[in-house]
Amino acid sequence: YGSAIWNIANGVGSTASMTPSAWNHVALVYTGTNYVLYTNGVAGVTINSSKPIQEDAFATLTLSAIATNSSWNGYIDELRLSNVARYTTSFTPAGSAFAWDDNTVLLNHFEGSNGSTVMDSSSFAYGNFIATDSTVMSSSQNKFGGSSLNIPGGNEALRIGHFPAPTGAWTIAFWAYAASNTTDNVLLCGYANGSYHGLVLKFSG
């Protein structure tokens, strides 16, 4: 097993187990007072903190990191941001794609033709997706549907622009597949001006 290692604002964090070369359900939940990271439905340590997910107003929520030695090398499917704490105890991840509801503020199924940079973005309330050159749709791996987002490491990432930091309770959930067991494989972060600002969630195989 590898570990999902995360921190908020470079000081508050924990670790949890993930399975390499397999699809893992990842959900980071903030209740308004506590952070909990769930991997494959299993709750990690509860962390009490008021630190924001984005410390810098200009930070973008980013899948992977714009840094060659720490970029995510693998696949992401079914990204959803919610304005509620969807999970409050350990759970069994759903066996189907996420669905839009009243508490969804961003949803992407990452459906598209193989090699395409055009992503299914029909269901999100705000934000736009800005991909680097080699971050594309891939039919090689998918949790649901016919494709997923392939981020091949090497300084590649997907940024969610015009993204206001959530306030109150919220949940970020997605499926992740690590293509290689590398150290400091960043899954999700707040990023601005070449450095982390807020959340850092990474896989260490």
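Where is the place of Ser 21? Ser 21 lies in the loop that joins β2 (12-18) to β3 (23-30), where strands (E, at least two residues) are DSSP runs, numbered from the N terminus. The model is predicted, so that local features need pLDDT of at least 70 and side-chain atom pairs count only at pLDDT 80 or more, whereas totals for chains, interfaces and linings use all residues. Residues are numbered from 1 along each chain as its sequence is written, and side-chain values use heavy atoms, with hydrogens and water left out.

With a relative accessibility of 46%, Ser 21 counts as partly exposed, a class that falls between buried (under 20% relative accessible area) and exposed (over 50%), computed with a 1.4 Å probe on protein chains only. Apart from neighbours within four places in sequence, Ser 21 is in contact (heavy atoms within 4.5 Å) with Tyr 177 and Ala 178. Ser 21 and Tyr 177 are 156 residues apart along the chain, yet their C-alpha atoms are separated by 6.0 Å.

Two strands pair if DSSP finds at least two bridges between them. β3 pairs in the antiparallel sense with β14 (residues 170-178) over 8 bridges, and Val 29 has Thr 171 as its bridge partner there. β3 and β4 form a hairpin with 3 residues between them; in the turn, Gly 32 has a positive phi of about 110°.

Notes. Helices (H or I, at least four residues) and strands (E, at least two) are DSSP runs, numbered from the N terminus.
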